[in-house]
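Please look through the structure shown below before reading the report that follows.

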Amino acid sequence: MMCRHPNFMIGVLLTGLLCVTALVSLVWTPHGFDAIAIADRMQGPSMGHWLGTDQFGRDVATRLMVGARNSILVGVVAVGIGLLVGVPLGLLAAIRGGWIDELVARGSDVVFAFPAIVSAILITAILGPGIVNAIIAIGIFNIPVFARVTRGAALQVWGMEYARAGLAIGKSGLGVTRDHVLPNIASVLIVQATIQFAVAILAEAALAYLGLGTQPPAPSWGRMLFDAQTLMTIDPKLAILPGLAIALAVLGLNLLGDGLRDILDPRLRAERIG
Amino acid sequence: MKTLLLGTALFASFALAGLSTGPANAQSKDSLTIGVTLEPPHLDPTAGAAAAIDETVYANIFEGLTRIDETGAVQPQLAKSWTVSDDGLVYTFDLKSGVMFHDGTAFDASDVVFSFDRARAEDSVNAQKPLFAAIDKVEAADPQTVKITLSRPEGSLLFNLGWGDAVIVAPESAATNKTDPVGTGPFKFSRWVKGDRVELVAVSGDNSIQKATFRFMSDPSAQVAALKAGDIDAATNLNAPEAVIAFQADPKFEVAIGTTEGETILALNNTRAPLNDVRVRRAIAHAIDRQAIVDGAMFGFGTPIGTQFAPHNPAYVDLTETYPHDPVRARELLAEAGVSDLKLTLKLPPPAYARRGGEIVAAQLKEAGIAVEIIPVEWAQWLEQVFRGDDFDMTIVSHTEPMDIGIYARDKYYFNYDSPAFKAVIKRLNTTSDPIARNALLAVAQDIITTDSVNAYMFQLARLGVWRKGLTGMWHNAPVQAIDITNARWE
């Protein structure tokens, strides 16, 4: 089955690379991420510095590795916030309907009306720049995404005979949600989480690029891009490498998400087989 | 797919911003737009310490009795000439006639009396009151003559009166100068778009520059991009030293590397434990590597200093070897002081010397066992929290006033230094007019603050002027805080 999804395989590979890099950086990096050596600044790749050094003589490979960790942290926590708050909201809306449903649906619409990055900029502008506030900002944006996806998928399940049969045999709404709705919408949520993970990485990079996310000296891919702007003509690798890292990570997660949807969605699977 | 597009767009947009060399805008040749890093908190130079105020209004909007020119020499301005009595205590200024303030009121001796009495008053908010300390009384002998009597000889009075803090204001408009400055200069205030720009227009139609705009942009890459795109004609002190070499190679631009009076220091809050212990402050001074900061943050533009004094001043004493870069010694000093696991905050205003220098300083202090938390702050926040609010451990800032070692004698100045010995030296300095004796006292003063390691002295800020070719009359050096465009013209 896997060979029928080459994109999925590429996604797994790239995402795996991202995770492995981040995990390795927890226990080992070639250099300290904030080890400044002015005399060695802006060197090309060498045995000592695989990807060269930046404007302060810091090891670029190390900073990219630690930056990967930073990106994953942002992705996990921001998606976590979205799942923990958004999914219960969506489920509640699906069970109760009525004004709660209206509130969740319209509330999501309102948040959706603002582009993700703009809302994140607004939130970090109010709370102050920093990685924690950036994660909160991105997480808040994730809430309506998951609420809406959950609501839609859950309503569909509630429309099925087996869900209503559950109610008929005396199960509570909560019980049916736990035993039937959640397992049936899990695949949708997994796919959405993967996509939102990529969005979160991109959003953090954009915020850091604007000076609102990760603060120096902690490395972040977006921050590295920001610092490299005026150095483009002197040392292009300082901009190209973090740019490439962002592009590959986002590409990988998107391919993974698309692939998962193809594999998990029974209708698409049926079409394929047919 | 949308997310992918976003990623590509992000990547592409920064690449474009970095590379665009943009077509030269068809600038009409009687306007001038200057990019500056910091926005002034207000526009009254007699009521604030921020250099950005003077840079906008000095010589352009407001004039003093004297002015300081590009070389640091005193020139006549509203006073066309003056005489000094033999004992050096009475200065008689002969004023220019026919000068009008921008609101149409006439300038005469009473405005001079008003301005100086206002600056010297008990409740004055002038940021440089010591400039006027020697003045006993200011009188109008007649509408065109002002007599200033001193209580003691003051060798630098004519220079002092050329500062932005000593400009002449009118009683009718003094109260509103912060938002609507009214002076006698060749440009009058037009409007201030907060967060973006201040616009000035020429008073006379003969002026070669009819409209001048100061645009505020602290982001280094924004300044570079704006210059290349022609959005600004000049940056008098480019916030991106790494771009200077590229501009030097570009035939469309002229680069002038000069000096400023900006001693860039790692300021320490002297009353906060454990920074109140001189050993801890000395440890910090030993921990920093000045040349590395100049190379790393300023791409080599700047001169390391060991005290609060400009190296191009004849009275300068090179004290950079008092605390050579020595992390081991720094650790020893910290141990002697009984300090372990020291953790300090470092608040950084927007200029590159601070934001980038701060990253290097943090790494260097870490080597000496001091953990640093970097807190970037906007300029208004810096003035509020650090300069006025006393809420900081360390900060990096450039003191761009000329001859500003006297700030160490002030009570409750932001770094909270209090030394009776130093105050005594400055007191003697103020009553000494012999140049050799003055230099000797200045040397003692430099030695005291370095011995006490009040702040960690980093480097003298260079002035990295970049402007479009064809613009002449711009200053190369900044002996006072000024962006004097009164002689600017397009060729």
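## An enclosed helix in chain B

In H5(B), the buried residues are B:Pro220, B:Ser221, B:Gln223, B:Val224, B:Ala225, B:Leu227 and B:Lys228. Because seven of the 10 residues of this helix, which covers residues 220-229 of chain B, are buried, H5(B) is largely enclosed by the rest of the structure. Just after H5(B) comes B:Gly230, which takes a positive phi of about 85°. As with everything described here, these features belong to a predicted model.

## Two helices side by side

Two packed helices are described by the angle between their axes and the distance between the axes. In chain B, the axes of helix H12 (residues 420-430) and helix H13 (residues 435-451) come within 10 Å and cross at roughly 165°. Angles over 145 degrees count as roughly antiparallel, and H12(B) and H13(B) are therefore roughly antiparallel to each other. The crossing in which H12(B) passes H13(B) is left-handed.

On the side of H12(B), the contact is made by B:Ala421, B:Phe422, B:Val425, B:Ile426, B:Arg428 and B:Leu429, while H13(B) brings B:Arg438, B:Leu441, B:Leu442, B:Val444, B:Ala445, B:Ile448 and B:Ile449. When the residues of this contact of H12(B) with H13(B) are divided by class, 11 are nonpolar, none is polar and two are charged.

## Where the chains meet

The contact between the two chains takes 29 residues from chain A and 26 residues from chain B. On the side of chain A that touches chain B, the elements that give two or more residues are helix H7 (173-209) and helix H9 (237-264) of chain A. Of the elements on this side, H9(A) gives the most, with seven residues. By class, the side of chain A that touches chain B has 21 nonpolar, six polar and two charged residues.

In soluble globular proteins, nonpolar side chains tend to be buried together. The largest nonpolar core in this model has 141 residues, and those with the most contacts inside it are B:Leu266, B:Ile284, B:Ile288, B:Ile293, B:Val361, B:Ala445 and B:Ala456. Strand S17 (residues 456-468) of chain B gives the most to this core, with nine residues.

Which residues is B:Val361 in contact with, leaving aside its neighbours within four places in sequence? They are B:Leu266, B:Ile288, B:Ile293, B:Leu346 and B:Ile396. There is also a second, separate core of 76 residues, which includes A:Ile72, A:Ala137, A:Ile138 and A:Ala198.

Terms used: Residues numbered from 1 in each chain as written. Chains lettered and ligands numbered in written order. Predicted model: local features only at pLDDT ≥ 70, side-chain atom pairs only at ≥ 80, totals over all residues. Buried ≥ 20, exposed ≤ 12 C-beta atoms within 10 Å, placed from the backbone. Helix = DSSP H or I, 4+ residues; strand = E, 2+ residues; numbered from the N terminus. Axes fitted to C-alpha atoms, helices over the stretch in contact; angles between N-to-C directions. Parallel < 35°, antiparallel > 145°, perpendicular 65-115°, else oblique. Left-handed = near helix turned anticlockwise from the far one by under 90°. Contact = placed C-beta atoms within 7 Å. Nonpolar A, V, L, I, M, F, W, Y, C, P; charged D, E, K, R; others polar. Core = buried A, V, L, I, M, F, W, Y, C linked by C-beta atoms within 7 Å.
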